[in-house]
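Could you show me around this structure, one selection at a time? I have it open in a viewer and would like to know what to click on next.

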Amino acid sequence: DDQASGHAAQRPLWSNRLGFVLAAAGSAVGLGNVWKFPYIAGVNGGGAFVLVYLLCIALVGVPIMMAELMIGRHTRKDAIGAFAALEPGRRWWHGAGWISVAAAFIISSYYSVVAGWTLDYVWRSLHDGFGALAPSVIESQFGTLLENGLRQGLWHLLFMFLCLAVVIGGVQRGIERWSRILMPALLALLMLLFVNGLRSDGLEEALRFLFAPDFGRLSADAWLEALGHSFFTLSLGMAAMITYGSYLKPDENLFGVSLRVAGLDTLIALMAGIAIFPIVFAAGLEAASGPGLIFQTLPVVFSQIEGGALLAPLFFVLLAFAALTSNISLLEAQIAYLIDERGWSRRRASVCVAGAAFTVGIPTALSGNLLKNWHLIGERTFFDSADLLASSYLLPLAGLLIALYVGWFWRGEAEKAELIQGGCGGLYPLWHGLIRYVAPLAVTVILVNKAIQAGL
Ligand code: PFF
Ligand code: NA
């Protein structure tokens, strides 16, 4: 069984380019696209923000994605092993790998709890439906869920178990196989909801909210938000893309695959906006901020519109699929380390990683109830602290180190050019300029700003 053995000589590969693109897009497309992007675009100036966001994806996100894939593809190792292989003497750089894998570990623990909420809503929408309930009752259900640690814990357990069932199957027969099933399913579901949005009375108002450029609302914070989100949404700084890149075949054109993955991620974020906002506005509701948009406003909308009893479960299944393919990439980043560097079997590594992430996720599931008053960083609960630490600090820090490393310290211009171009010439100087100057500068600005905001 080649998937179960830890020998580098038998290291697995994606079966072809499409398999990789679907798996990597599965990692990228997640809660960030369906829930966060539409909202931040709406409040930050609609079309003006979308333009800035596209710029950030193209000038910072794609170049860093290429750098991560390059590190993985070149070394054929997990993120920690990759830096150790590139820089055996300079241990300082190994920190970039450790930070990425630590971020993957922390995020996989609470991402699974939030994914558990989506399972709870799949169940709810199928079981009692939202249709018979008053809006205030539907809205209160979310609070009731957050107050129930056991209920959240059980969904978290089920979700982590599903992830384990996928990753234990290995790269081709687990991750790739399920990405090939779940990603097209996700696209089909989104298409349905997208067409439903197009036909809604609220379409015009939604298009204005999302796309009408209002440069007046485009604050400095909006730029930072766009930059930070372009990072999170493309799964950068969390070892996921280094790990997935390490299973790529040698002749793969990294520029081409990065564009495909980033393009799919962006397309799905834009489609999600058009699936969600028209029906919210047609129902005469506000585009709520935070988790309320998905877990309170939308259920109310589904309870009122024609076909809502069908659209509701479809929407939450879509979210659960998106979260599943994202979380397995976070788990795989950790599993690859244990297999490559520690010689563990895939089975043992998968069970231990999923078990550890589940365990650390428990205090997150308890953050709205039993541990409500347990504050870790400032006034933040365990959940909020974990999120702050991982997505505000570890992630940009890893991204900065990766950009600096690949741009300035990885000597071997010919090697890098070969990895990127693989035949499509002329792009290397452009990419090199972006990874050397633009990306590190942009990420430094995010980091400094986060630190100032947090009062550090
Ligand atoms: N890219 C995912 C999203 O947009 O929801 C979040 C994510 C998943 C980040 C997996 C990092 C990762 F490794
Ligand atoms: Na995303």
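Here is a short tour, stop by stop.

Before you start, note that this is a predicted model: local features need pLDDT of at least 70, side-chain atom pairs count only at pLDDT 80 or more, and totals for chains, interfaces and linings use all residues. Residues are numbered from 1 along each chain as its sequence is written, while chains are lettered from A and ligands numbered from 1 in the order in which they are written.

**Stop 1: the ligand**

Select ligand 1. It has 15 residues around it, and the closest are G30, G32, S235, A240 and S326 (a residue is near a molecule if its C-beta atom, placed from the backbone, lies within 6 Å of it). Helices α1, α2 (31–43), α10 (220–233) and α14 (308–342) each give two or more residues to this shell; helices here are DSSP runs of H or I with at least four residues, numbered from the N terminus. Color the shell by class and you get seven nonpolar, eight polar and no charged residues (Ala, Val, Leu, Ile, Met, Phe, Trp, Tyr, Cys and Pro count as nonpolar, Asp, Glu, Lys and Arg as charged, and the others, Gly among them, as polar).

Now click on S235, in the loop between α10 and α11 (240–245). Its phi is near 60°, a positive value in a residue other than glycine. Most residues other than glycine have a negative phi. Is S235 buried or exposed? S235 counts as buried because 31 C-beta neighbours lie inside 10 Å (buried takes 20 or more other C-beta atoms within 10 Å, exposed 12 or fewer, partly exposed in between, with C-beta atoms placed from the backbone).

**Stop 2: another positive phi**

Jump to R76, in the loop between α3 (47–75) and α4 (79–86). Here phi is near 55°. With 18 C-beta neighbours inside 10 Å, R76 counts as partly exposed.

**Stop 3: α1 against α12**

Show α1 (residues 17–28) and α12 (residues 254–282), which pack at an angle of about 40° with their axes 9 Å apart. Axes are lines fitted to C-alpha atoms, for helices over the stretch in contact, and angles run from 0 to 180 degrees between N-to-C directions. The pair is therefore oblique (under 35 degrees is roughly parallel, over 145 roughly antiparallel, 65 to 115 roughly perpendicular and the rest oblique). To see the contact, select R17, F20, V21, A24, A25 and A28 in α1 with V257, R260, V261, L264 and D265 in α12; contact means C-beta atoms, placed from the backbone, within 7 Å. By class, that contact has eight nonpolar, no polar and three charged residues.

**Stop 4: α5 and its partners**

Next, pick α5 (residues 94–127) and α7 (residues 149–167), whose axes come within 8 Å and cross at roughly 100°. That makes α5 roughly perpendicular to α7. Among the residues in contact are L119 and D120 of α5 and R151 and W155 of α7.

**Last stop: L318**

Finish in α14 with L318, which is buried, with 24 other C-beta atoms within 10 Å. Leaving aside neighbours within four places in sequence, L318 is in contact with L186, L189 and L190.

Terms used:
Contact = placed C-beta atoms within 7 Å.
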